[in-house]
Amino acid sequence: MRFLLDENVHRGLVSFLNGLGHDAAASPKSLTNGEVLAAATAERRVLVTHDQDFSALPPITSHPGIVWLRILPKDFAQLKVAFQRLLTECASPDALVDQLVLMFPDRHERIPFRGEWI
């Protein structure tokens, strides 16, 4: 699976995901939220972010998926466990297309998201 990590996501996650055989990259710090989402969509990467501000973006028609982290940025150990849980359930990239994934320390919730934000 391909991932693009927003600037506010622990950078160790890039190495962790790549080590599991995925293709993870960090977004440049100078991009706006709209540019980050456009880059993720153009590169067919699931966007991973802590940023609630994506709710202010204009509606989008389709995307590879958005993971909204509800785990403290410093809690890297918990972040790794949560991603392993998600990747076990959603092994195919198609499983996250047009999905908003709310990732909590103990669970994740997948919500169809196309157009208006929740």
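The model is predicted, so local features need pLDDT of at least 70 and side-chain atom pairs count only at pLDDT 80 or more, while totals for chains, interfaces and linings use all residues. Residues are numbered from 1 along each chain as its sequence is written, and side-chain values use heavy atoms, with hydrogens and water left out.

Select F3 first, in strand β1 (residues 2-5); strands are DSSP runs of E with at least two residues, helices runs of H or I with at least four, numbered from the N terminus. F3 counts as buried because its relative accessibility is 0%, buried meaning under 20% relative accessible area with a 1.4 Å probe and protein chains only. Leaving aside residues up to four places away in sequence, F3 touches, among others, L17, V46, F83 and L87, contact meaning heavy atoms within 4.5 Å.

Next, display helix α1 (residues 12-19) and helix α3 (residues 76-89), whose axes come within 11 Å and cross at roughly 35°; axes are lines fitted to C-alpha atoms over the stretch in contact, with angles from 0 to 180 degrees between N-to-C directions. At this contact, G12, L13, F16 and L17 of α1 meet F76, L79, K80, F83, Q84 and L87 of α3.

Finally, colour the largest nonpolar core, where F3, L13 and F83 touch the most other members among 24 residues; such a core is a set of buried Ala, Val, Leu, Ile, Met, Phe, Trp, Tyr and Cys residues joined through side-chain atoms within 4.5 Å. Its largest share, six residues, comes from α3. A second, separate core of twelve residues includes V36, A39, L102 and F113.

Note on methods. Buried means under 20% relative accessible area, exposed over 50%, partly exposed in between (1.4 Å probe, protein chains only).
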